[in-house]
Amino acid sequence: MPPLQFRPFRDRFPPEMPTDPLFYLVGLTAVFIIGFGKGAFGGGLAIIGIPFLALVTSPVDAAIIIAIVASTTDIFAVQAFPMRTWSWPDLYWLAPAMVLGIALGTLFFVLVDPRILVLGIAVVTLLFTARYFLRDRLRSRIAGAPVQPVKALVCGTLAGFTTFVAHSGAPPLAIYLLPRGLGKTIFAGTTVALLTFSNMFKIVPYIWFGLERKEAFWQALPLLPAIPIGVWLGKKLHDRLDEQRLYFWCYILVGAAGLKLLADSVRQLLA
């Protein structure tokens, strides 16, 4: 009988499975934060995923990993914010526009340099956030804006585009949804519904782009357990924050995402 042979622990992984502890430290932290943002605010933190993971893997693999993570997060987020928390009059206009934006994002991704448009979206997002802190926040809260189909179609299309090219669909959605004055749970639930809907379409081209990079799928797999923990803790925070404070942090989050989009697009244009 041949003697037992013990392989090193790292040799028991499939060849494509990452074995670097730093990858798991960075990746699990990023995925937890994404899930936390989904549970607390309805989304908005997926934008940090690519720069985080690009520290320990290639940017292309990072983009594919975050697409997988974002789609998996939706499973838990929809349980935290079910259909009764969705604003259907807003979904009616925003959801189809996001599909158009994803189609444009796919086209730009393949044929055109999208950096100029992303730069413009970043500037508009920052102006929107600055307006709140410089003017609107000082006013007493008034009744929300009505449903505006044209604005919804524009913001939805921009959200579909940015969610495809930068995993950042939340800022354009917030430009439309925050002035609506929805309750905090309706706002978060509507955002979750829209990002879930868009991810159903977005994941298809990302899988197509990733067929030649199967290692990205193996890299995403061990990071997924951090998602339900993040969503659960984020929802706990959501339930405890009063409406004014939640909206304050939503604007902070939107502004931070706008700064990130601006920095990325400027850096890429100057490269």
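In which helix does Leu107 lie? Leu107 belongs to helix H4, which covers residues 88-111. With that starting point, here is a friendly tour of the structure.

## The model and its fold

This is a predicted model, in which local features need pLDDT of at least 70 and side-chain atom pairs count only at pLDDT 80 or more, while totals for chains, interfaces and linings use all residues. Residues are numbered from 1 along each chain as its sequence is written, and side-chain values use heavy atoms, with hydrogens and water left out.

The protein has 11 helices and zero strands. Here, helices (H or I, at least four residues) and strands (E, at least two) are DSSP runs, numbered from the N terminus. Of its 271 residues, 48% count as buried. Buried means under 20% relative accessible area, exposed means over 50%, and partly exposed lies in between (1.4 Å probe, protein chains only).

Leu107 has two partners: together with Leu100 and Leu104 it makes a nonpolar surface patch of about 240 Å². Patches are made of residues with over 30% relative accessible area and no salt bridge, with nonpolar side chains (Val, Leu, Ile, Met, Phe, Trp, Tyr) joined within 5 Å and like charges within 9 Å. Accessible areas come from the Shrake-Rupley method with a 1.4 Å probe, and for residues only the protein chains shown count as cover. Leu107 counts as partly exposed because its relative accessibility is 43%.

## Salt bridges

How many salt bridges does a search of the whole structure find? The search finds three, where a salt bridge is a side-chain nitrogen of Lys or Arg within 4 Å of a carboxyl oxygen of Asp or Glu. Asp74 pairs with Lys38, and their closest N and O atoms are 3.0 Å apart. This pair links distant parts of the chain, with Asp74 in helix H3 and Lys38 in helix H1, 36 residues apart. Asp74 is buried at 4% relative accessible area, and Lys38 is buried at 6%.

Asp90 forms a salt bridge with Arg180, with the closest N and O atoms 2.9 Å apart. Asp90 sits in helix H4 and Arg180 in the loop between H7 and H8, so the pair ties together parts that are 90 residues apart in sequence. Asp90 is buried, with a relative accessible area of 0%, and Arg180 counts as buried at 14%. Asp239 and Lys235 also form a salt bridge, their closest N and O atoms being 2.9 Å apart. These two residues are separated by about one helical turn because they are four residues apart in helix H10 (residues 226-240).

## Cavities inside

The structure holds two cavities of 30 Å³ or more. On a 1 Å grid over the protein atoms alone, a cavity is a set of points where a 1.4 Å probe fits but cannot get out, and lining residues have an atom within 4 Å of a point. Grid points are joined across faces, edges and corners, and a volume is the space filled by probe spheres set on the points. The largest cavity has about 160 Å³ of space. Its lining has 18 residues, and those closest to the centre are Lys38, Gly44, Ala46, His167 and Leu195. H8 gives the most to this lining of the largest cavity, with three residues.

The second largest cavity has about 110 Å³ of space. Among its 15 lining residues, Gly43, Ala170, Ala174, Phe187 and Val254 are the closest to its centre. H7 gives the most to the lining of the second largest cavity, with five residues.

Terms used: 1 Å grid on protein atoms, 1.4 Å probe; cavity = no way out; pocket = protein on both sides within 12 Å on 5 of 7 lines; lining within 4 Å.
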